[in-house]
Amino acid sequence: MSLAKEKPKKRGADDEKPVIVKNTADLQRLKIEKLMKNPDKPVVIPERPKERNTPHVPEFVRNVMGSSAGAGSGEFHVYRHLRRKEYARQKFIQEKAEKDTLQDEYHRKIEENKKKAEEETAKKRLKRLKKKKNKKFKRAKTDVKSESESEEEDEDNDVEAPKDNREETSSKDNSSDLKLNDKLSDYVERLEDSVTNTGSKEEGAGS
């Protein structure tokens, strides 16, 4: 029996095409798509590396050769290893000192900025309080002025009131005087009429 050779399957439209990364945006998109395929998968966030301590200074040197024996073939390598360790220790100390100085400068700058901000806020607060105080003083001044003006108006009204009363009384007196004068003039006219009437009667009787 002849076994039929299986033909390679052709890729259909549903098969995923290989994505060619052209720029960083494509790479970022691929990473996000990979994460979103399985959102329940926990993400491992690596911890920050711990700071190294200063390398230990050797207190004693091992394998010290005696004065009678010559240096072996491995002594140079031991010396080179110790020298490398000492150089690394010196480098670490210098880097740590630079880091400490930068950290101190950073904190000092933060403190200076904080002090400047506090001084500016204090100045603005003083200005604001001064403005409020001036406004209150002006308001109180206007209130006192209005009260004094109202009191003066009341006093003027009190002073003007008796003047009006006096004018009314004087006008009443004048009117009463006029009435009396009218009455007197009427009485005088009546007397004159009566006198003239009596005179005319006497003349008629004598004739």
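**Helical architecture and salt bridges of the predicted model**

The chain contains two helices and zero strands, where helices (H or I, at least four residues) and strands (E, at least two) are DSSP runs numbered from the N terminus. The model is predicted, and local features therefore require a pLDDT of at least 70, side-chain atom pairs count only at pLDDT 80 or more, and totals for chains, interfaces and linings use all residues. Residues are numbered from 1 along each chain as its sequence is written, and side-chain values use heavy atoms, with hydrogens and water left out.

Of the 207 residues in the chain, 1% are buried; the term buried denotes under 20% relative accessible area, exposed over 50%, and partly exposed the range in between (1.4 Å probe, protein chains only). The accessible surface of the chain amounts to about 21500 Å², of which carbon and sulfur atoms supply 54%.

The structure holds four salt bridges, each defined as a side-chain nitrogen of Lys or Arg within 4 Å of a carboxyl oxygen of Asp or Glu. In general, side chains of opposite charge can pair when their charged atoms come close. A network of salt bridges links D26, R29 and E33.

D26 is located in helix α1, which spans residues 24–37. With a relative accessibility of 16%, D26 counts as buried. A polar atom of the D26 side chain lies 3.3 Å from the backbone nitrogen of K22. When neighbours within four places in sequence are set aside, D26 is in contact (heavy atoms within 4.5 Å) with I20 and V21.

Helix α1 also includes L35, which is exposed because its relative accessibility is 54%. L35 belongs to a nonpolar surface patch formed with I32, M36, V43 and I45, the five residues together presenting about 570 Å² of accessible area. Patches are made of residues with over 30% relative accessible area and no salt bridge, like charges being joined within 9 Å and nonpolar side chains (Val, Leu, Ile, Met, Phe, Trp, Tyr) within 5 Å.

Helix α2 covers residues 75–206 and contains R89. R89 is buried because its relative accessible area is 14%. Its side chain makes a polar contact of 2.7 Å with the side chain of E86. A polar contact is a pair of N or O atoms within 3.5 Å; within protein, one atom must be able to donate a hydrogen and the other to accept it, and residues adjacent in sequence count only if both atoms are side-chain atoms.

A salt bridge is also present between E112 and R108, with the closest N and O atoms 3.1 Å apart. Both residues lie in helix α2, four residues apart, about one turn of the helix. E112 counts as partly exposed because its relative accessibility is 39%, and R108 is partly exposed at 47%.

Terms used
Accessible areas come from the Shrake-Rupley method with a 1.4 Å probe; for residues, only the protein chains shown count as cover.
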